[in-house]
Amino acid sequence: RAAARGDASGVSVYLEAPDGRRTLCPLTGAGGAFRCPAAAHLYAATEWHEVLYEPRRCLYMHPPGGAARMVAEFDRATLGGEALLEAGVIWEHAAKKDGRITPTTVAVEDASSGARLAEVVLPPGVEGFQRARVSGDGTGRPLRIAVSSLHPDARQICVDFTAFGAREAVR
């Protein structure tokens with residue numbers, strides 16, 4: 001839970017175009033946020049947010065829209081024995097069902113291979129945290145969290161990724 005603790009060492013954030021081009025979002029002194037040059041609302045930061053009346057210190061991310069995605073990459077991460085991806089739309093934005101609002105995908109990927117390890121989809125109008133579990137082998141590896149939505153209006157996302165220790169054998 002390095003992101004939730006606010007530890008930014010070994011973390012990079014960028015906008016990724018469909019062709020793989022990356023636009024770096026540098027870490028700024030203002031609140032420790034990774035600010036993207038494309039627009040003021042495009043940033044990633046550890047912040048307190050509320051998802052269906054549950055306050056949580058999480059990684060705030062806003063999808064850039066279209067086929068692009070915002071990515072937070074962690075060069076020293078582990079899946080542990082298992083991990084839990086939780087994501088939700090913050091505040092009153094989750095309840096909105098406007099026809100222009102599209103589902104948001106939040107994915108955890110192995111940064112070395114690109115393999116998708118877990119994914120949750122946040123459809124318009126669905127409130128609360130959506131969850132996905134993934135089994136891990138306990139080894140360290142670079143991981144990335146990516147958020148995307150075709151039309152990102154009112155898609156302000158709170159992401160939490162927690163790795164748990166290896167399970168003990170049951171005898």
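Modeller: Here it is, and bear in mind that this is a predicted model. Cys 58 and Cys 158 are both buried.

Colleague: What joins Cys 58 to Cys 158?

Modeller: A disulfide, with an S to S distance of 2.0 Å.

Colleague: Left-handed or right-handed?

Modeller: The disulfide of Cys 58 and Cys 158 is left-handed, because the torsion about its S-S bond is about -130°. Cys 58 sits in strand β5 (residues 54-61) and Cys 158 in strand β12 (residues 157-164), so the bond ties together parts that are 100 residues apart in sequence.

Colleague: How many disulfides does the structure hold?

Modeller: The structure holds 2. Cys 25 and Cys 36 form a disulfide too, with their sulfur atoms 2.0 Å apart. The link of Cys 25 and Cys 36 is right-handed, with 95° about the S-S bond.

Colleague: And where do Cys 25 and Cys 36 lie?

Modeller: Cys 25 is in the loop between β2 (22-24) and β3 (34-35), and Cys 36 is in the loop between β3 and β4 (43-51), so this pair ties together parts 11 residues apart in sequence.

Colleague: Are those two buried or exposed?

Modeller: Cys 25 is buried, at a relative accessible area of 1%. Cys 36 is buried as well, at 7%.

Colleague: What pattern do the disulfides follow along the chain?

Modeller: Counting bonded cysteines along the chain, the pattern is 1-2, 3-4.

Colleague: OK, on to the sheet. What is the strand order?

Modeller: There is an open sheet of 6 strands in the order β3-β4-β5-β12-β7-β10, with antiparallel pairing. At the edges are β3 and β10 (130-135), each of which pairs on one side only.

Colleague: How many bridges are there between β7 and β10?

Modeller: Strand β7 (residues 82-89) pairs with β10 over 6 bridges, in the antiparallel sense. Leu 85 stands opposite Ala 132 in β10.

Colleague: Which strands does β1 pair with?

Modeller: β1 is joined to strand β6 (residues 69-78) by 6 bridges, and the two run antiparallel. In that pairing, Val 11 stands opposite Phe 74 in β6. β1 is also joined to β2 by 3 bridges, again antiparallel. There, Glu 16 faces Arg 22 in β2.

Colleague: What's in the turn between β1 and β2?

Modeller: β1 and β2 form a hairpin with 5 residues between them, and Gly 20 in the turn has a positive phi of about 95°.

Colleague: How much of β1 is buried?

Modeller: Strand β1 (residues 11-16) is mostly covered, with 5 of its 6 residues buried.

Colleague: Back to phi. Which residue other than glycine has a positive value?

Modeller: Leu 52 is one of them, with phi near 50°. Tyr 53 also has a positive phi, about 65°, although it is not a glycine. As background, most residues other than glycine have a negative phi.

Colleague: Where are Leu 52 and Tyr 53 found?

Modeller: Leu 52 is in the loop between β4 and β5. Tyr 53 lies in the loop between β4 and β5 too.

Colleague: Buried or exposed, those two?

Modeller: Leu 52 is partly exposed, with a relative accessible area of 42%. Tyr 53 has 70% relative accessibility, so it counts as exposed, the cut-off being over 50%.

Conventions: Residues are numbered from 1 along each chain as its sequence is written. This is a predicted model: local features need pLDDT of at least 70, side-chain atom pairs count only at pLDDT 80 or more; totals for chains, interfaces and linings use all residues. Side-chain values use heavy atoms; hydrogens and water are left out. A disulfide is a pair of cysteine sulfur atoms within 2.5 Å. Helices (H or I, at least four residues) and strands (E, at least two) are DSSP runs, numbered from the N terminus. Buried means under 20% relative accessible area, exposed over 50%, partly exposed in between (1.4 Å probe, protein chains only). Two strands pair if DSSP finds at least two bridges between them.
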